[in-house]
Amino acid sequence: MRRTQPGGPGPRPGWTMVVPVKTLIAAKTRLAAAAGPHRAALAVAIACDTVAAALACPAVARVVVVTGDPVPAEALSALGAHVVPDPQAGLNAALRAGAAHALGLAPDGPVGALQADLPALRPAELGVALAAAAEFDQAFVPDAAEVGTTFYGVRPGVAFRPRFGGESRARHLGGGAKELTPDGIVSVRTDVDTPADLAAALALGVGPRTRAVVETMKESPTRETPS
């Protein structure tokens with residue numbers, strides 16, 4: 001989705017956020033015990049709430065979603081995201097593909113990678129993180145556990161070198177990226193992989209799509225759902 005400045009043509013300046021979305025067969029497997037038959041629906045809902053929050057952030061001009069699954073692709077496209085195919089060569093390859101597409105859309109804009117599992121994401125808090133990131137050639141936000149990464153971004157003209165997966169915080173630090181942990185970005189750091197993570201996100205307040213699926217999960221008597 002291209003946004004234009006009021007009274008003027010052309011794309012709105014700002015960040016292009018690249019969001020990788022797994023195929024549903026591989027998504028949120030660690031939530032399987034809690035979500036049961038609703039796991040795929042929960043994964044789509046979480047990705048949609050993440051992308052909707054990113055698009056609502058004034059600092060974000062557009063979102064590029066990289067996925068190989070038509071179900072989340074359709075849902076996220078309906079929200080206004082650009083959807084491009086996953087090259088199926090791993091997470092960081094998907095992010096690089098999305099960044100290449102981003103540069104085609106806005107060659108002079110900053111590019112960021114955002115994990116798709118931030119259902120409690122607040123647009124204002126993402127704005128705080130992006131404002132901090134704009135001060136450095138490359139920067140990242142660690143997850144709440146301070147092991148992984150939820151956001152990585154670069155200034156215009158700087159090589160985009162994401163190092164997501166596993167202990168990515170250490171790899172981003174080793175690659176020279178500035179770690180960002182300003183006050184007021186807890187929702188940017190609250191990614192969801194496990195039932196405990198989901199409970200933490202619910203305590204913050206998740207988006208409407210995630211909340212709806214969680215309510216459906218609670219109606220399944222054989223499942224234990226974070227509350």
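A residue counts as buried when its relative accessible area is under 20%, as exposed when that area is over 50%, and as partly exposed in between. Keep that scale in mind for each stop. The model on screen is predicted.

**Whole chain**

Start with everything shown as a cartoon. The chain has nine helices and seven strands. Its radius of gyration is 17 Å, close to the 17 Å that the globule rule gives for 227 residues, so the chain is as compact as a globular protein of that length. Turn the view along the principal axes. The C-alpha atoms fill a box of roughly 50 × 35 × 35 Å.

Now show the surface. The accessible area comes to about 9700 Å², and carbon and sulfur atoms hold 56% of it. Of the 227 residues, 51% count as buried. Among contacts with a separation of 6 or more, 67% join residues 24 or more positions apart.

Colour by charge next. You will find 21 positive and 20 negative side chains. The centres of the two sets lie 4 Å apart. The whole structure holds seven salt bridges. The next stops visit some of them.

**Stop 1: R209 and D49**

R209 sits in helix α9 (residues 208-218) and D49 in helix α2 (residues 39-55), so the bridge ties together parts that are 160 residues apart in sequence.

R209 is at 30% and counts as partly exposed.

**Stop 2: T210**

T210 is buried, with a relative accessible area of 0%. Which residues does T210 touch, leaving out those up to four places away in sequence? Show L42, A45, I46, D49 and P119.

**Stop 3**

Select R211, E215 and K218. Salt bridges link these three residues in a network.

**Stop 4: R155 and D137**

Select R155 and D137. Their side chains meet in a salt bridge, 3.4 Å from N to O. The pair links distant parts of the chain, 18 residues apart. R155 is in the loop between β6 (149-154) and α6 (168-174). D137 is in the loop between α5 (123-133) and β5 (138-142). R155 is partly exposed at 32% relative accessibility. D137 is partly exposed too, at 44%.

**Stop 5: E179 and R169**

Select E179 and R169. The closest N and O atoms of this salt bridge are 2.5 Å apart. E179 lies in strand β7 (residues 178-179) and R169 in helix α6, so the pair ties together parts that are 10 residues apart in sequence. E179 is partly exposed at 21% relative accessibility. R169 is partly exposed at 24%. The buried cut-off is under 20%.

**Stop 6: D143**

Go to the loop between β5 and β6 and pick D143. D143 counts as buried, at 9% relative accessibility. Hide its neighbours within four places in sequence. What is left in contact with D143? The partners are G148, T149, T150, R189 and D191.

V188 is 45 residues from D143 along the chain, yet their C-alpha atoms are separated by 7.9 Å.

**Stop 7: D117**

Select D117, in the loop between β4 (111-114) and α5. D117 is buried, at 7% relative accessibility. Leave out its neighbours within four places in sequence again. D117 is then in contact with K28, I46, T50, T190, D191, V192 and D193. Two of these names have come up before. D191 is also in contact with D143, and I46 is touched by T210.

**Stop 8: T29**

Finish at T29, in the loop between β1 (15-21) and α1 (32-35). T29 is partly exposed, at 47% relative accessibility. T29 and A40 are 11 residues apart in sequence and 9.2 Å apart in space, C-alpha to C-alpha.

Notes. Residues are numbered from 1 along each chain as its sequence is written. This is a predicted model: local features need pLDDT of at least 70, side-chain atom pairs count only at pLDDT 80 or more; totals for chains, interfaces and linings use all residues. Side-chain values use heavy atoms; hydrogens and water are left out. Helices (H or I, at least four residues) and strands (E, at least two) are DSSP runs, numbered from the N terminus. The radius of gyration is taken over C-alpha atoms; the globule rule is 2.2 Å times the number of residues to the power 0.38. Buried means under 20% relative accessible area, exposed over 50%, partly exposed in between (1.4 Å probe, protein chains only). Contact means heavy atoms within 4.5 Å. Accessible areas come from the Shrake-Rupley method with a 1.4 Å probe; for residues, only the protein chains shown count as cover. Lys and Arg count as positive and Asp and Glu as negative; His and the chain ends are not counted. The place of a charge is taken as NZ of Lys, CZ of Arg, CG of Asp or CD of Glu. A salt bridge is a side-chain nitrogen of Lys or Arg within 4 Å of a carboxyl oxygen of Asp or Glu.
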